[in-house]
Amino acid sequence: MAVSPVKWYRKPWMGGAAIGVVAVLGIGEASLLFSGRRIAVSETLVQPGQTYPVAGFGDVGKQAQASLVCRYFTGRGIATNVLWYSSTNQMGRDECPFIASGDQKEAEGGSLADWVSGIGSMLAVFVALLGYFIVERHRRNDARDVIQGQIYQIGYKLSTMASEVRTTLRDLNQKGLPLDELIAEENPFVIVGSQAAVMGYDRSMVRDLSDAEQNLLMLVREEEFLMNFSECVARNDSVRGSFVEYGKRREELLARLPAPEEANGQTGSFGITQAEQLAIFPYITPAAVLMRQARYLAKLNVEMVTKLCDDFKPMMKGHFPTYHIHKIELVEIPPGAPNPGL
């Protein structure tokens, strides 16, 4: 059930990204040329008294008010405009507009430094956008790995529970009877006499879903599946606890009986009188009731867990069609078959 990492860096993908960047640059260049608009690449705040000559505007430092020198990339050169500066945007601007119309004064071609600055600024913007998309793609791949791992864990826990509840029901039916006949048995002497305790039921491999796995099911609005899963976990714990308690009661009961006349390792034939039966009746009845309840709950759990297994893959595929979802296969175990795990 291990989740293999998804590699996001691949040469074919990077080649496509490079083509995409070139295409975006080409579209941006064409839009600037044909629309007459331009993009701000730099701005300079010039204070009164500062010497700062600008082609077409003279020395803007001689003005009585601070000025903004705005440089724009037009697609074929650098255009310059000078605006009054105002920190409150009253009677001036606090910064150069990022996109300007084509009525700005334009220096012929601009200096080499202006060209380098303008193109460098635009490339910086596009590189930043490309970096964002790469990081976002990486983040989505990481999120996919997390969700895939949670789906694997839900399926693993469900298959573990399916195996355990079916084994439990088989251990509660040591005579291999049909389930309806098993549940209908009421004679306490028959129930206790034919049902031995099994070691190891004080431990369980079944685990409830983690907070992250529960949150995933709630996110996709599968609250019923989540509640049924948790109910089956709790019922499994109850059944196994009842089996442990039954074993203790049965041991106490056997201590009150005479030695069996015949025994095959699990069941025995006791030659007891009617008076002896009446004497142990108050002790055998609670054990038999405990076993009857455990059998009923175990049968109910097998039915519910089987349905969860059948629904698991179609449910997850409906929400995550591109993810790898395991189908939980349930192998039928014939009644009375030995349990290889014990």
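Cys 309 is buried (under 20% relative accessible area, where exposed means over 50% and partly exposed lies in between, with a 1.4 Å probe and protein chains only), its relative accessible area being 4%. The model is predicted, so that local features require pLDDT of at least 70 and side-chain atom pairs count only at pLDDT 80 or more, whereas totals for chains, interfaces and linings use all residues. Residues are numbered from 1 along each chain as its sequence is written, and side-chain values use heavy atoms, with hydrogens and water left out.

Cys 232 is likewise buried, with a relative accessible area of 0%. Cys 309 takes part in no disulfide (a pair of cysteine sulfur atoms within 2.5 Å); the nearest cysteine sulfur, that of Cys 232, lies 9.3 Å away.

The structure contains 1 disulfide, formed by Cys 70 and Cys 96 with their sulfur atoms 1.9 Å apart. Cys 70 belongs to strand E4 (residues 67-73) and Cys 96 to the loop between strand E5 (78-84) and strand E6 (99-100), so the pair ties together parts that are 26 residues apart in sequence. Strands (E, at least two residues) and helices (H or I, at least four) are DSSP runs numbered from the N terminus. The link is left-handed, with -85 degrees about the S-S bond, and both Cys 70 and Cys 96 are buried.

In the helical part, Gln 214, Leu 217 and Met 218 of helix H5 (residues 211-219) meet Glu 223, Phe 225 and Leu 226 of helix H6 (residues 223-255), contact meaning heavy atoms within 4.5 Å.

Key
Axes are lines fitted to C-alpha atoms, for helices over the stretch in contact, and angles run from 0 to 180 degrees between N-to-C directions.
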